[in-house]
Structures are given as structure tokens and as C-alpha cells.
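Biologist: Could you take one part of this model and walk me through it closely? I would like to see how that part sits among its neighbours and then in the whole.

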Amino acid sequence: MMEFQIGDKVEVIGNDKGFEGSYYTAKVISKKNAYRYKVEYETLLNEDQFEPLKEVVNSNYLRPMPPNVPEICYSLDEWVDAYENDGWWFGLIDGKFGSDYFVYFPTTQEEKPFPLDKLRIHHEWSNSKRKWEPCEVYQQRIENTRNFSRGGNNASGSNNDNLSF
């Protein structure tokens, strides 16, 4: 389990019904015990809609901020996070039209278009390894790029079968 300090910027994993697959940016404002922290959300407001929402969260639902990896394109079937409704939602690139990428959200079974600046590469936090791990498609794209830049072939035998749009 990861330990956080007061002032750490974190993401809170949405676990309530209708919020599965979402992440919300917050700051740790106090530690209640070894497993619980009080956080203040950056984008969510309390019931009066004037103050940031503060709540006590189990450490299992906290993770450090993911790495900021600038991206100029995404691949078909690549896992991403899309920014909507004040948080990041986990989804899958399933198309592109113009400059918008279409993201399918498995938790809601919806598909919506997003501009590039509202997307980020999906990473999973590994508590056991204490590090971020990008999704498999992104890891394969990195390897294909390395092979291509070295003049090698990827597993398919071609120099570049990247499905980036």
C-alpha cells in the first residue's frame, strides 16, 4: 500500500455506482489513520456548489498522479483516459473522425468523441511494484517505434504496422 503525505496531489478512483472507471484529481489534506486520508477535490464541489468537496477516502482508492506523457496520436484499440464531467474516464479508442477520437467506455457502454487535448494514455498503478505501467497497446507501440528506428522488424515482419491515426 502506498503512503501519502499531506499536500500530495493524488487521483481518487471512482467506485460508486455510475462512477466506475473514473479518476478525480485531489489533494491530501490530512491522514486519518494508516488506511484513510481526507482529500480535497480539485474539480468536484460540495452540496452548496461553492466549496471544493472534501471527503475521507480509503487508501485503496487513491493513487499518485499518473505520468504526463504528451501524445500526438492514438492507436485503434488503445486504452486511454478521457476528460469529462470533472474527471478522467477509462475507455478504448475505437475510431477517429476529423480531429476527434471516438472513445468507447466499457463501464457505461457509451461512445463519445473527444479532441486530442481531452485524452491521455491510460496507465495502471502497481502497488506491488510501486510504479506506473502503461497499457499493452502503448507498450507495443513504443517497442515498434524502437524497432523501426533501429531498422528492425516488429513481430509482424513489417517495419511499422502501427495503427495510429
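Modeller: Happy to! Let's start at a turn: β8 and β9 form a hairpin with four residues between them, and within that turn Gln109 has a positive phi of about 60°. The strand names follow DSSP: strands are E runs of at least two residues, helices are H or I runs of at least four, and both are numbered from the N terminus. Before going on, a word on the source: this is a predicted model, where local features need pLDDT of at least 70, side-chain atom pairs count only at pLDDT 80 or more, and totals for chains, interfaces and linings use all residues. Residues are numbered from 1 along each chain as its sequence is written, and side-chain values use heavy atoms, with hydrogens and water left out.

Back to our strand. β8 covers residues 100–105, and β9 covers residues 110–115. The two run antiparallel and are joined by six bridges; strands count as paired if DSSP finds at least two bridges between them. Across this pairing, Phe105 stands opposite Glu110 in β9.

β8 also pairs with β7 (residues 87–97), again in the antiparallel sense, over five bridges. Here Val103 of β8 is the bridge partner of Ile93. The hairpin of β7 and β8 has two residues between the strands, and Gly98 takes a positive phi near 60° there.

Tyr101, Val103 and Phe105 make up its covered face, while Asp100, Phe102 and Tyr104 lie on the uncovered one.

Now for the aromatic rings, of which the structure holds eight pairs. Rings of Phe, Tyr and Trp (its six-membered ring) pair if their centres lie within 6.5 Å; planes under 30 degrees apart count as stacked, over 60 as edge-to-face and the rest as tilted. One of the pairs is Tyr83 with Trp88, edge-to-face at 5.1 Å centre to centre with 65° between the planes. Trp88 counts as buried because its relative accessibility is 15%, whereas Tyr83 counts as partly exposed because it has 26%. The cut-offs are under 20% relative accessible area for buried, over 50% for exposed and partly exposed in between, using a 1.4 Å probe and protein chains only. Ring pairs also link Phe19, Tyr24 and Trp89 into a cluster.

Stepping back, the protein has one helix and 12 strands, and buried residues make up 34% of its 165 residues.
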